[in-house]
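Let's take a friendly walk through a protein model, one neighbourhood at a time. Keep the picture in view as you read.

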Amino acid sequence: NLKVDHEWKAYENTRKKRRILKKYIYPLLRLLPLNKKTIIFEGWWGAKYHCNPKYLYEYINKHYPKYRCIWFLNDNYIPIHGNAKRVRRKSLQYYYYLSVGKYFVNNVNFHDEYVKRKGQIEIQTMHGTPLKTLGLDVPGELDDPQDRERFLRRRARWDYLVVQSHRASQITSSCYAYNKEFLR
């Protein structure tokens, strides 16, 4: 017999059910304690296992096996090396790990629905070298006040910004209006 495993579980298999998870279940899950050994990774809005989050994950997976690593993905079939757990974005597990994860690593931004809790730490690794206009410096990209506000709200969650050089920290502090700690 061939068994087919559906992408979504029965309690999350429609947009309406996923909206209920986000609106009602996620706030309840946020009452759970943080798991200090859980690290959440995401690359390019859940589309890829790549770039700086991938290499940071592979280092942690090899040298710090006591940490539980979670990858948020749009497609659970994307291959991942090591012992990470794949979690489909917008699923019940996704909201659970958004709620209890201690560390968050991303090369763009986590979705707007992520509400950072006290004690959670977000590391922004960027993607590539800042040889183009970025963030607030991109003409026409954040002209709408609501778009600008959403961008600044997401950026405000970052505790650390990974950069390649002092020059990159100068560029990104301006284009992201970032005034927290840089990691080189």
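## Two helices side by side

Please keep in mind that this is a predicted model. Begin with helix α1, which covers residues 15–29, and helix α3, which covers residues 92–100. Their axes are 9 Å apart, and the two helices pack at an angle of about 30 degrees. Angles under 35 degrees count as roughly parallel, so α1 is roughly parallel to α3. The crossing of α1 past α3 is right-handed.

Which residues of α1 and α3 meet? From α1 come R18, L21, K22, I25, Y26 and L29, while α3 brings L92, Y95, Y96, L98 and S99. Sorted by class, this contact of α1 with α3 has eight nonpolar residues, one polar residue and two charged residues.

## Aromatic partners

A pair of aromatic rings is described by two things: the distance of the centres and the angle of the planes. For Y26 and Y95, the ring centres are 5.4 Å apart and the planes are 45 degrees apart, which is a tilted pair. This pair joins distant parts of the chain, as Y26 in helix α1 and Y95 in helix α3 are 69 residues apart. Both Y26 and Y95 are buried.

Y95 also pairs with Y94. Here the arrangement is edge-to-face, with 5.1 Å from centre to centre and 75 degrees between the planes. Are these two residues buried or exposed? Buried means under 20% relative accessible area. Y94 has a relative accessibility of 0%, so Y94 counts as buried. Y95 is at 1%, so Y95 counts as buried too.

Now step back to the wider group. Y26, F72, Y94, Y95, F104, F110 and Y114 form one aromatic cluster. Across the model, the count comes to 21 aromatic pairs.

R157 is in the loop between α4 (145–156) and β6 (160–162). With a relative accessibility of 8%, R157 counts as buried. Leaving aside residues up to four places away in sequence, R157 touches N109, F110, H111, D112, Y114, K116, E122 and K180. Among these contacts are F110 and Y114, which belong to the aromatic cluster described above.

R184 sits in the segment after β7 (181–183). Exposed means over 50% relative accessible area, so R184, at 62%, counts as exposed. With residues up to four places away in sequence again left out, R184 touches V163, S165, H166 and S169. How far apart in space are R184 and L34? From C-alpha to C-alpha they are 27 Å apart, and in sequence they are 150 residues apart.

## Positive phi angles in two loops

Finally, look at the backbone. W44 is found in the loop between β1 (35–42) and α2 (51–63). W44 is not a glycine, and its phi is positive, near 50 degrees. The relative accessible area of W44 is 32%, so W44 is partly exposed.

K90 lies in the loop between β3 (85–88) and α3. K90 has a positive phi as well, about 75 degrees, although K90 is not a glycine.

Terms used
Residues numbered from 1 in each chain as written. Predicted model: local features only at pLDDT ≥ 70, side-chain atom pairs only at ≥ 80, totals over all residues. Heavy atoms only, no water. Axes fitted to C-alpha atoms, helices over the stretch in contact; angles between N-to-C directions. Helix = DSSP H or I, 4+ residues; strand = E, 2+ residues; numbered from the N terminus. Parallel < 35°, antiparallel > 145°, perpendicular 65-115°, else oblique. Left-handed = near helix turned anticlockwise from the far one by under 90°. Contact = heavy atoms within 4.5 Å. Nonpolar A, V, L, I, M, F, W, Y, C, P; charged D, E, K, R; others polar. Phe/Tyr/Trp six-rings, centres within 6.5 Å; stacked < 30°, edge-to-face > 60°. Buried < 20%, exposed > 50% of the residue type's maximum accessible area, 1.4 Å probe, protein only.
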